[in-house]
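This report describes how two chains meet and how a ligand is held. The structure is shown first, and the discussion follows.

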Amino acid sequence: MTPPRRQRRTPAPAPEPPPPEPAEGGREKNPERLYVVAGPGEDGARAAVDLVTLIVARAEPPPSASPEQAALLRLCSAPLSAAELSAYLNLPFSAITVLITELLTAELVQARAPIVRQAVPDRSLLEAVMHGLQRL
Amino acid sequence: MDFNGSDTLPGPRTEDQLPHTAQAAAKIVIVGGFGVGKTTMVGSVSEIRPLTTEETMTQAGIGIDDNYGSESKTATTVAMDFGRISITDQLVLYLFGTPGQQRFWFLWNGLFEGALGAVVLVDTRRLEVSFDVMGRLEERGVPFVVAINSFPDAPRYPIAELRRALDLSADIPMVECDVRRRASSRDVLLTLVRFLHSLALTGSAG
Ligand SMILES: Nc1nc2c(ncn2[C@@H]2O[C@H](COP(=O)(O)OP(=O)(O)OP(=O)(O)O)[C@@H](O)[C@H]2O)c(=O)[nH]1
Ligand SMILES: [Mg+2]
């Protein structure tokens, strides 16, 4: 018995996708392009919050804070990723990024940028991850 | 949801809080077709009880998406399981497992672009359910390893034969695993990170 064989989607895999085109009013053939993340905040600010951006509160919730903002601030008295905030507050990720952006603007939270894949991988980082996993 | 009443607010258990020294986090994605063991793998290596985050994708353009749902359906929810491993006091690793329709995962901004790499889980009873995601990772230049999750009644093929079937070049690591076991899942992650490290040594782009 032989396993089924994979057919490559394209003859030669493209190294990197082209820069994203505007999603609005798309008439593109790619069905994926018909979908975008729902909700407000289609701007650069939201894109700056990654799933694993670590958020830390800088202050107690002020009286002016909305209930959602106050709840988020209480959660991140210790650093917490945006993904964890989304899970604990039971809010979609885009809603969390809007909240975080508001709190960043009000200087009530600090954001610690994620480590993202580099064109040339960071060897010392990967070595640290290896050693950490070996200790598990 | 009621956000008042701080006593009842959900949140991490005290022992699950990250130290204030936590400076930055990285992510690895665990992908593969329906039922291959993604959630099990996230759960077996995570230091926290696995959590779920979700995002709603709405239909933006005109035209009918004949692959998804009925004509009236214009939104879909993409949910991801995730877990966490503290690497050092400064560095945290998150693992994201992506269920559901694979094409939607790639709309999640930054998930694949920013990930250090991916683990593709395959089940030899249904190899083909992981074909689509491999093509997408290749197109986007996301480095990955392939982990064969050994289900008891699954056919066993020599790795070389699986490599041919999956049309993978010799440098892409393939390992067998039982993702229910923490040590086995950890070894899969180590295989990925060693592979990424080897790419750094050869100077290949990620
Ligand atoms: N025997 C065996 N069973 C496994 C293994 N890994 C997962 N399972 C079982 O297979 C089933 C599916 O595993 P999940 O982890 O839910 O798979 P998944 O990829 O998250 O599935 P979806 O999210 O539905 O796509 C569960 O009942 C697991 O207990 C394995 O290594 N060996
Ligand atoms: Mg699952």
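## A salt bridge between the chains

The model is predicted. In it, the side chains of Asp167(B) and Arg8(A) form a salt bridge, with an N to O distance of 2.7 Å. Side chains of opposite charge can pair when their charged atoms come close.

Over all chains, the rule gives 16 salt bridges. Across the interface of chain B and chain A it finds five.

## The interface of chain B and chain A

On the side of chain B, 95 residues are in contact with chain A, and 70 residues of chain A take part in return. The two chains bury about 7,400 Å² between them, and 61% of this area is on carbon and sulfur atoms.

Helix H6 (residues 182–202) of chain B makes the greatest contribution to the side of chain B that touches chain A, supplying eleven residues. By class, that side of chain B comprises 52 nonpolar, 23 polar and 20 charged residues.

## The surroundings of ligand 1

Ligand 1 is surrounded by 15 residues, of which the closest are Gly37(B), Lys38(B), Thr39(B), Thr40(B) and Asn149(B). Divided by class, this shell has six nonpolar, six polar and three charged residues. Helix H1 (residues 38–45) of chain B gives the most to the shell, with three residues.

Backbone atoms of chain B approach oxygen atoms of ligand 1 at several positions. For Val36(B), a polar backbone atom is 3.2 Å from an oxygen atom of ligand 1. For Gly37(B), a backbone N or O atom lies 2.9 Å from an oxygen atom of the ligand. For Lys38(B), the distance from a polar backbone atom to an oxygen atom of ligand 1 is 2.8 Å. Taken alone, ligand 1 exposes 650 Å², and the protein buries 71% of that area.

Technical notes:
Residues numbered from 1 in each chain as written. Chains lettered and ligands numbered in written order. Predicted model: local features only at pLDDT ≥ 70, side-chain atom pairs only at ≥ 80, totals over all residues. Heavy atoms only, no water. Contact = heavy atoms within 4.5 Å. Buried area = accessible area lost by both parts, 1.4 Å probe. Salt bridge = Lys/Arg side-chain N within 4 Å of Asp/Glu carboxyl O. Helix = DSSP H or I, 4+ residues; strand = E, 2+ residues; numbered from the N terminus. Nonpolar A, V, L, I, M, F, W, Y, C, P; charged D, E, K, R; others polar. Near = heavy atom within 4 Å. Polar contact = N/O pair within 3.5 Å; in protein donor to acceptor, adjacent residues only side chain to side chain. Areas by Shrake-Rupley, 256 points an atom, 1.4 Å probe, with all protein chains shown as cover.
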